[in-house]
Amino acid sequence: MNMKRTIFSLAIAATTLLSCSAPQPSQELALRYHTPATTWEETLPLGNGRIGMMPDGAIHTEHILLNDITMWSGSEDPEALNPEAINYLPEIRELLLAGSNLEAQKMMYDHFRCGGEGSAFGNGKDAPYGSFQMLGDMHITYSYPEGDTVSNYERTLSLNDAVATTQFSMGNTTYTREYLASHANDLLAVRISADKKQSVSFGVTLNRAERAAVSVEENTIRMEGQLNDGHDGDKGVRFLTEMTIVNNGGRITSSDSSLTVSEADEVLILLSTSTDMVDKEYLTTVDHLLAEAKGRSYRQLKKDHTTAYREKFDRVELNLGTQDNTTSTSQRLTDFQTSDDPAFAALYFQYGRYLMISGTNENSMPLNLQGLWANQVQTPWNGDYHLNINLQMNYWPAEVCNLAELHKPLIDFTQSLVPSGEATAATFYGAEGWVAHMMTNPWRFTAPGEHASWGATNTGGAWLCEHLWEHYAFTQDKAYLESIYPTLTGAARFFLSSMIREPNNGWLVTAPSSSPENAFYLPGSRDAVYVCMGPTMDVQIIRELFTNTLTAAEILAVEDETTAAIEEALTSLPPMQISEEGYLQEWLVDYEEQDPRHRHVSHLYGLHPSNQISPITTPELAEAARNTLNRRGDEGTGWSRAWKVNFWARLHDGNRAYKLLKSLLQPTGGSEIKMNSGAGTYPNLFCAHPPFQIDGNFGGTAGIAEMLLQSQDGYIHLLPALPDNWADGDFKGLRVRGGAEVDVAWKNKKVVALTLKAKKSGTFRLKVPAYASAVQMNRKDLLNENGFVSLTMDEGETASLNMINE
């Protein structure tokens, strides 16, 4: 046994951290408001990964908006495959090779696009493409026996328990409403009570703006319908919602469309809903879940729900100071712009984890642009899956924030795209393998979009493959790697069989393609051009895909024609190029951008989420990335600001990352679609594109994690981008690649103690901070090899380490 292993074995029993750095007990984490919501962006989101609701907490007539992640109109569209497109591909490529990008772009608009209506330019509700939609509305109209003077109003959302509460006094009576989307019993519950008997009276309705029929039977309201399949047919998604009342005291009466409760002591509203998108027995499911819940007390329902939810939520803690549990969240959001409140950043971080746990589950659909929550039947951009960053950003926190199983819906969805992607590859490109372009939906749309400015990007599926690989990198699950390997190789085979050689250097490039949604000018022209060959982002994504596929092949002992072709192609991919002005080029040619401050920063994919640019391993490229970000500016849409938090964290600039976090958390309002103004964060901490788009929440949470812990370069890097005003703190439960969990405590910006928990057997390299003279376990120094220490651990082992600081 070597010395390092001996020292480690002695240290396994050491569990005492420095007393000054002991992690604090779990804090109360809550969103808090002192008035009812007046806009949807002030309401509080609840969900169990499949269904959800958003109550506004109104005193007299409360609106609770209902959601189901499978409420999608549309259906499969056989016209999406355009068999004529491939006839124009050779000419498009010849035009690109000749530098006639504008003419190539015009030809793509006319001919090289999906058939049919495509996404209907974001108005797909009644088209085959479809749209994610709200489920419906619950309205509760309350009656009070003691006047209408209200005092002590408070509305909260507990992140610890995933329970929302509305409480206030009227006269001498205190009223309390609790809301939960059960993670255990898979239905929605609203408990309405008062501290005086016979004080609960209200009427309740269920309705939907279109395509729903409502009926009432005894103490149950039933709403059912079918969404448009886009073909004037009967293949649309069918849904059923049932709401029943369990009352303690009082009486219930009904009309054709409502239920009325009079003078009850307490009432429990239970709502069960489902569709036939993924549950062909949805009618039975709705009845079964409702009947099962009626047999339990609210106390038991809440206990089971909280236990199931906390199993995930409690895996991670982040303490940056004491939480303010008095000031309203909207005021804290405003104050955050002018004063330091590190604990508010920790609350926002945990809110992102809450939204992921509430927005999806292991057997659900992926989080879409709205996550799970929508307030319209025609959601912005159809509420679909955008593959040029937005869907992927939704899942950036999954692994590092210890919610790996919630990556499963995206992984499963990616693999389900393969058959459609194979048809698209063959039909449009005459290529092997599979491809997905810029957007998709539950109907597995993979064709080029109808607008070349965004629809030409053909690396959407390859970007999804990065998530397939990341799940392996964090879990080290070889059986899982075997299951995804064909999807990786299929994506690689598409590029092997579709890339062409550009004439100047003989590099292999995609053609046609685009750098997502950004345009450039050709010399001597002011016409906006999007269509190009080999944009930098494509090259970075393909290089990563090829590299990950080869690494997987090595692990799985695979060596065949595909791996040989990948090895050869890798040598012909273009390098990343630095312009004469020092920024990273976005295109093969250093074109003039139409908008140098564009919201997309696609050519920095290699910095984040990939690891091809690093201040340590590629300092020149890192400096070019820094220049690019300075040139792009700190503004942009909400999700763009979130991405920039991650960029600056990867550049190890904690103060600049924190500045971008403040920019992301800039208070805003309004729900109009805007590209160049109004970005930030709504009062309920939803991210504003605007309008609401949930990717910025997840990007912000991932960015905070990147500031605290990184592992993309083959070692564990502690506090790589810690801002000055987070001088003291601790976290527990964040995960690193290789299969370990990490707990860290720091004081005066210096790590004083950490714990490493091996979830898989392996050797873990730890970067020793420059200020540390030694890393100790059980009061013995670990061998420091050029600034790194290594620990070889068995699965399930835990090591507690102390930093000896100079």
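In the predicted model, helices α13 and α14 are roughly antiparallel to each other, because their axes cross at roughly 160° and angles over 145° count as roughly antiparallel. The two axes come within 10 Å, and the crossing is left-handed. On the α13 side the contact is made by Ala462, Cys465, His467, Leu468, Trp469, His471 and Tyr472. Helix α14, which spans residues 478-498, contributes Lys478, Tyr480, Leu481, Ile484, Thr487, Leu488, Ala491 and Phe495. By class, the residues of this contact divide into 11 nonpolar, 3 polar and 1 charged.

The crossing of α15 past α16 is left-handed. From α15, the residues in contact are Arg543, Phe546, Thr547, Thr549, Leu550 and Ala553; from α16, they are Thr563, Ile566, Glu567, Ala569 and Leu570. The contact of α15 with α16 comprises 6 nonpolar, 3 polar and 2 charged residues.

Helices α13 and α15 also take part in the lining of the largest pocket. The volume of this pocket is about 510 Å³. Its lining consists of 27 residues, of which Ala473, Ser711, Gln712, Gly714 and Arg737 are the closest to the centre. Two or more lining residues come from each of α13 (460-475), α15 and β33 (762-767). The largest share, 5 residues, is that of α13. In the lining of the largest pocket there are 7 nonpolar, 13 polar and 7 charged residues.

The second largest pocket holds about 440 Å³ of space. Among its 25 lining residues, those nearest the centre are Trp381, His386, Trp454, Glu517 and Met675. The lining of the second largest pocket has 10 nonpolar, 12 polar and 3 charged residues.

A search of the whole structure finds 10 cavities of 30 Å³ or more. In the largest cavity lies about 250 Å³ of space, lined by 22 residues. Trp396, Glu470, Phe474, Glu706 and Arg737 lie nearest the centre of the largest cavity; Arg737 is also among the residues closest to the centre of the largest pocket. The elements giving two or more residues to the cavity lining are α9 (397-400), α13, α20 (695-708), β28 (709-710) and β30 (729-736). Helix α13 gives the most to this lining, with 4 residues, and α13 likewise provides the largest share of the lining of the largest pocket. The lining of the largest cavity divides into 9 nonpolar, 6 polar and 7 charged residues.

The second largest cavity has a volume of about 100 Å³. Its lining is made up of Ser26, Gln27, Leu29, Asn160, Phe313, Asp314, Val316, Glu317, Leu318, Asn319, Gln323 and Gln350. Strand β17 (residues 317-319) gives the most to the lining of this cavity, with 3 residues. By class, the lining of the second largest cavity has 4 nonpolar, 6 polar and 2 charged residues.

Definitions and conventions
Residues numbered from 1 in each chain as written. Predicted model: local features only at pLDDT ≥ 70, side-chain atom pairs only at ≥ 80, totals over all residues. Heavy atoms only, no water. Left-handed = near helix turned anticlockwise from the far one by under 90°. Contact = heavy atoms within 4.5 Å. Nonpolar A, V, L, I, M, F, W, Y, C, P; charged D, E, K, R; others polar. 1 Å grid on protein atoms, 1.4 Å probe; cavity = no way out; pocket = protein on both sides within 12 Å on 5 of 7 lines; lining within 4 Å. Points joined across faces, edges and corners; volume = space filled by probe spheres on them. Axes fitted to C-alpha atoms, helices over the stretch in contact; angles between N-to-C directions. Parallel < 35°, antiparallel > 145°, perpendicular 65-115°, else oblique.
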